[in-house]
Amino acid sequence: MATLPAVRGTHDLLPEAAAKHNHVVATARGLGQAYGYGEIATPIFEQTEVFKRTLGDTSDVVTKEMYTFEDKGGDSVTLRPEGTAAVARAFIAGKMNDQLPLKFFYHGPMFRYERPQKGRQRQFHQIGIELFGVSDPVGDVEVIALGAQVLEKLGVRDWCTLELNTLGDTESRDAYRAALVAYFEGHLDKLSADSKERLHRNPLRILDSKNEGDRSIIEDAPRFDEHLTPAAQDFFGAVKAGLDDLGIAYTRNERLVRGLDYYCHTAFEFTTDRLGSQSAVLAGGRYDGLIGQMGGPETPGVGWAAGIERLTMLAEQWPEPPRPVTFIPLGEAADKALRKIAFGLRGQGIAIDMGYSGNLKRRMVRANKANARLAVIVGDNELAENQATLRDMDSGEQQTVPLADLALHLKD
RNA sequence: GUGCCCUUAGCUCAGUCGGUUAGAGCGCCUGGUUGUGGUCCAGGAGGUCGCCGGUUCGAACCCGGUAGGGCACCCCA
């Protein structure tokens, strides 16, 4: 019988890795709660239209990376490639626009049919937050601050740089886009094929091309700052001032762009050089046009998402797993007695490790592997006197205690 | 989707002018301790050398294909 491997680009989360994932999620959820972000869980798949409408028909994600299929009813559905569109859809479907502002935290698997690499799987997991209904730059600052503190708490902040940019408002962006197209059309012959392709689809994207030839042309390209309206400049200034107030350092990256139309004003990424070519750790921005574009009421939004796998690879410090108490019965009568006691203690949330077979030596080995803090040994000797031998696994010291008092000795 | 590299025991890896029974460390099992782990000592199990095919008297080693992994591009968390 042939073995059945996991699908390419997917991985099993074994207990140790799952614990790390859970810690990342719990950290983000906890900080999110401190900021008033409530957890939302949307379906793992949506009607394909949800992502087509938000990501645009021409983006790479939609054209070649989505897991799209027809269900048995003939509807086209898609495994979600990202979280924002789904949360926005839930917001619209739930008619929550009279409860603004709304703050959501989410986490879960996302799916993209990409070529797997380090820090990039076909099923990967994200944490993310969305803030709906706040058009003021204080919203941008809050969202970034929350992201920074999540990274801080996970102990990865030191490896990350906050890159910040503005995409301005619609007026600024239209003006800039026109200026860019005009400029690049004057250098068409020297542009890479990829960038020529981007020229009419996403001229802003040319700015972050890694192509050497493009780079030199980009050097002299018009600057976004020259096309920002006063209002857009004020907005960006307020975001920067807010970050300064909180002592959150950033570097301006004028090439940090978003291709999609609904993005505006703030774009930011916490990046690292420790994950190879996958530099983005936590990325987000403002998307005031998104909800309207999806058919909902015009509602401003700002948020971010971060890859749990990437965070897990970056983090070096993890919480110590709790140490159990190992129960070691010798003989059937003792096994029966200890199982009953374990039943009660486990019900109180005390971690009891108890094997299913083996002599004392084997069971001590087991206790050691479980990193037990205590071993409770009960054999015929102890049982006859209703006592237990308590062994401190660190010091090796042993004492005899009445079975009735066991619970007291096992607390903490 | 494009290019380059890699794939030997559960894990991390040695092993080429192609030549008898393919090695190490860690892990695992047994014993030294008939009721005591983590250290130490002794012994042991475990590999169709990713898979398929080819060249050859003979292939872990050479060639082709394929799958998986890695890196860069693309894109993105």
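**Cores, strands and ring pairs in the predicted model**

The largest nonpolar core has 44 residues, and Phe104, Phe132, Leu180 and Phe184 are the ones that touch the most other members. Keep in mind that this is a predicted model.

Phe132 is a handy place to look at the 44-residue core from the inside. Setting aside neighbours within four places in sequence, Phe132 is in contact with Val87, Ala88, Phe91, Leu100, Pro101, Leu102, Phe104, Tyr287, Ile291, Thr299, Pro300 and Gly301. Some of these names come back when rings are considered: Phe91, Phe104, Phe132 and Tyr287 are linked by ring pairs into a cluster.

Now for the strands. Of the ten residues in β5, eight are buried, so the strand is mostly covered. Strand β5 has partners in both β1 and β6. With β1 (residues 38–39), β5 runs parallel, and the two are joined by two bridges; here Glu39 has Phe105 of β5 as its bridge partner. With β6, β5 runs antiparallel, and ten bridges hold the pairing. Met110, for instance, stands opposite Phe124 in β6.

Back to the rings: the structure holds eight aromatic pairs. One of them is Tyr67 with Tyr113, where the ring centres are 5.8 Å apart and the planes meet at 75°, which makes the pair edge-to-face. Tyr67 sits in strand β3 (residues 67–70), while Tyr113 belongs to the loop between β5 (102–111) and β6 (123–132), so the pair ties together parts that are 46 residues apart in sequence. Neither tyrosine is fully tucked away: Tyr67 is partly exposed, with a relative accessible area of 24%, and Tyr113 also counts as partly exposed, at 45%. Tyr262 and Tyr263 make another pair, with ring centres 4.9 Å apart and planes at 35°, so this one is tilted. Both Tyr262 and Tyr263 are buried.

Tyr113 has Arg122 over its face, at 3.9 Å from the ring centre. Over at Trp159, the charged end of Arg274 sits above the ring, 3.7 Å from its centre.

Finally, the domain layout. Chain A is divided into domain 1 (15–169 + 229–314) and domain 2 (325–410), and the C-alpha centres of domain 1 and domain 2 lie 48 Å apart. For a look at a single spot in the chain, take Thr326, which is found in strand β12 (residues 325–329). Is Thr326 buried or exposed? With a relative accessible area of 1%, Thr326 is buried, because that value falls under the 20% cut-off. Not counting residues up to four places away in sequence, Thr326 touches Asp353, Arg363, Ala367, Ala370, Ala372, Leu374, Ala375 and Val376.

Conventions: Residues numbered from 1 in each chain as written. Chains lettered and ligands numbered in written order. Predicted model: local features only at pLDDT ≥ 70, side-chain atom pairs only at ≥ 80, totals over all residues. Heavy atoms only, no water. Helix = DSSP H or I, 4+ residues; strand = E, 2+ residues; numbered from the N terminus. Buried < 20%, exposed > 50% of the residue type's maximum accessible area, 1.4 Å probe, protein only. Contact = heavy atoms within 4.5 Å. Domains from an automatic or database assignment. Phe/Tyr/Trp six-rings, centres within 6.5 Å; stacked < 30°, edge-to-face > 60°. Lys NZ or Arg CZ within 6 Å of the ring centre and 35° of its normal. Pairing = 2+ DSSP bridges. Core = buried A, V, L, I, M, F, W, Y, C linked by side-chain atoms within 4.5 Å.
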